[in-house]
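Here are my comments for your read-through. Keep the model open beside you and check each point as you go.

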Amino acid sequence: MVKTLLMGYVFFKSRHLIFMVCWFAGLFYLVRLFIYFKESEKKPELERTVLENQFILMTKRLLYIITWPSAILTTIFGLSMIYLNTALLDNQWMKVKLCFVFFLLLYTYFCQLIFNQMKIGKITFKSGSLRIFNEVATIFLFSIIFLAVLRTTISVSIHI
């Protein structure tokens with residue numbers, strides 16, 4: 001019984017990590033596509049039209065084939081791990097990590113909103129703002145990974 005439970009947990013954990021990597025890869029490239037789209041506004045009409053149509057197609061595929069499915073599967077496998085080991089919720093580091101994951105889901109939703117702007121032909125953000133926005137995903141990645149890897153160290157320092 002314990003061996004079966006452990007195998008299930010390891011199965012969910014490996015899938016959770018695989019889809020987390022895919023989710024972040026999607027987010028990193030997604031915002032780059034927003035930047036390219038925004039910068040294409042400065043191109044001559046014909047070139048701009050061709051580029052914008054291509055960026056919209058690439059973004060749509062990335063968002064709906066990689067980013068959202070990976071976000072959903074990462075969440076499902078993460079929740080499955082918590083289901084198999086509810087004691088995880090007793091840890092302060094896990095509560096903080098789940099807060100970061102919630103904000104990462106909001107970040108992904110915000111990317112969806114930017115894509116919706118893109119589809120109607122105009123992103124309201126400046127290129128520089130999008131470049132800064134691109135770094136937010138990196139902050140989430142570092143925070144979530146450090147919390148998961150250094151959890152015992154963090155738990156000790158939180159209680160001190």
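**Notes on the model**

1. Start with the buried side of helix H3. Trp93, Met94, Lys97, Val101, Leu104, Tyr107, Thr108, Cys111, Gln112, Ile114, Phe115 and Met118 are buried there. Bear in mind that this is a predicted model.

2. Look at the spacing of those positions. An α-helix has 3.6 residues a turn, so residues three or four places apart point the same way.

3. Next, check the length of H3. The helix has 28 residues. From first C-alpha to last, H3 reaches 41 Å, close to the 40 Å expected at 1.5 Å a residue. After H3 comes Gly121, with a positive phi near 100°.

4. Now find the largest pocket. It holds about 500 Å³ of space. Of its 26 lining residues, the closest to the centre are His16, Met81, Met94, Lys97 and Ala148. Met94 and Lys97 are also among the buried residues of H3.

5. Which helices supply at least two residues each to the lining of the largest pocket? They are H1 (2–40), H2 (45–84), H3 (92–119) and H4. By class, the lining has 19 nonpolar, four polar and three charged residues.

6. Finish at Ser127, in helix H4 (residues 127–149). Is Ser127 buried or exposed? Ser127 counts as buried, because its relative accessibility is 15% and the cut-off for buried is under 20%.

7. What does Ser127 touch? Beyond its neighbours within four places in sequence, Ser127 is in contact with Ile35, Lys38 and Glu39. With Glu39 there is a side-chain to side-chain polar contact of 2.9 Å.

Notes. Residues are numbered from 1 along each chain as its sequence is written. This is a predicted model: local features need pLDDT of at least 70, side-chain atom pairs count only at pLDDT 80 or more; totals for chains, interfaces and linings use all residues. Side-chain values use heavy atoms; hydrogens and water are left out. Helices (H or I, at least four residues) and strands (E, at least two) are DSSP runs, numbered from the N terminus. Buried means under 20% relative accessible area, exposed over 50%, partly exposed in between (1.4 Å probe, protein chains only). A polar contact is a pair of N or O atoms within 3.5 Å; within protein, one must be able to donate a hydrogen and the other to accept it, and residues adjacent in sequence count only if both atoms are side-chain atoms. Contact means heavy atoms within 4.5 Å. On a 1 Å grid over the protein atoms alone, a cavity is a set of points where a 1.4 Å probe fits but cannot get out, and a pocket is an open set with protein on both sides within 12 Å along at least five of seven lines; lining residues have an atom within 4 Å of a point. Grid points are joined across faces, edges and corners, and a volume is the space filled by probe spheres set on the points. Ala, Val, Leu, Ile, Met, Phe, Trp, Tyr, Cys and Pro count as nonpolar, Asp, Glu, Lys and Arg as charged, and the others, Gly among them, as polar. The expected span of a helix is 1.5 Å times one less than its number of residues.
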